[in-house]
Amino acid sequence: MIAETVCSAVSAAGLGIAAVTAYRRRFLAATRIAAYSLVPIGLVMTGVVEWLADTAFSPTAWAGFGVLGVAWVLFTSTRVVERRRGGTRKERRAARAAARPDAVAPAASAPSLGQGSRPAGQPAAAPRGDEDFSDIEAILKKHGI
């Protein structure tokens, strides 16, 4: 009963503000205010406000909202896990079957130690026994440095 009275008062006040706005020759704004102010009385007339009031004070309704919230959390968590894993079980099996251990060529990770652009008159550097710098030296030789 109180909710219906409050909604009616809000609608009446909104229509009064719309009338004042229309008096000031701002008809577009007045129409928009009138539209917003008619919504609460429309909700009262359709029975939505009474339904909301009954729902707000019902423990069964709140328990139902809690169950819906738990269901939503479960759905979203399964979607997150599925995206991190890379799809459904069938998709993961297909991906494992497609991935072969010999998919990379055996010599693909070996460095390319060709002659490069080194001038012919320059002798190659003698190995010093330091294996740590051999890769760096090979890269520098490749680029002619």
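Of the 145 residues in the chain, 10% are buried. The model shown is predicted.

View 1. Along the sequence, the pattern reads α-α-α-α-α-α. The accessible surface of the chain amounts to about 12400 Å², and carbon and sulfur atoms account for 66% of that surface. Of the contacts between residues at least 6 apart in sequence, 44% link residues at least 24 apart.

**View 2. Helix H1 (residues 2-23) and helix H2 (residues 27-46) have axes that come within 8 Å**. The two axes cross at roughly 170 degrees. Because angles over 145 degrees count as roughly antiparallel, H1 is described as roughly antiparallel to H2.

**View 3. Residues of H1 meet residues of H2**. The H1 side includes Glu 4, Cys 7, Val 10, Ser 11, Gly 14, Ile 17 and Thr 21. On the H2 side, the residues include Phe 27, Ala 30, Ile 33, Ser 37, Leu 38, Pro 40, Ile 41 and Val 44. By type, the residues of this contact comprise 15 nonpolar, 5 polar and 1 charged.

**View 4. Ser 11 is a residue of helix H1**. Its relative accessibility is 3%, so Ser 11 counts as buried, the limit being under 20%. The side chain of Ser 11 reaches the backbone nitrogen of Ile 41 at 3.2 Å. When neighbours within four places in sequence are left aside, Ser 11 is in contact with Ser 37, Leu 38, Pro 40 and Ile 41.

Technical notes. Residues are numbered from 1 along each chain as its sequence is written. This is a predicted model: local features need pLDDT of at least 70, side-chain atom pairs count only at pLDDT 80 or more; totals for chains, interfaces and linings use all residues. Side-chain values use heavy atoms; hydrogens and water are left out. Axes are lines fitted to C-alpha atoms, for helices over the stretch in contact, and angles run from 0 to 180 degrees between N-to-C directions. Helices (H or I, at least four residues) and strands (E, at least two) are DSSP runs, numbered from the N terminus. Angles under 35 degrees count as roughly parallel, over 145 as roughly antiparallel, 65 to 115 as roughly perpendicular and the rest as oblique. Contact means heavy atoms within 4.5 Å. Ala, Val, Leu, Ile, Met, Phe, Trp, Tyr, Cys and Pro count as nonpolar, Asp, Glu, Lys and Arg as charged, and the others, Gly among them, as polar. Buried means under 20% relative accessible area, exposed over 50%, partly exposed in between (1.4 Å probe, protein chains only). A polar contact is a pair of N or O atoms within 3.5 Å; within protein, one must be able to donate a hydrogen and the other to accept it, and residues adjacent in sequence count only if both atoms are side-chain atoms. Accessible areas come from the Shrake-Rupley method with a 1.4 Å probe; for residues, only the protein chains shown count as cover.
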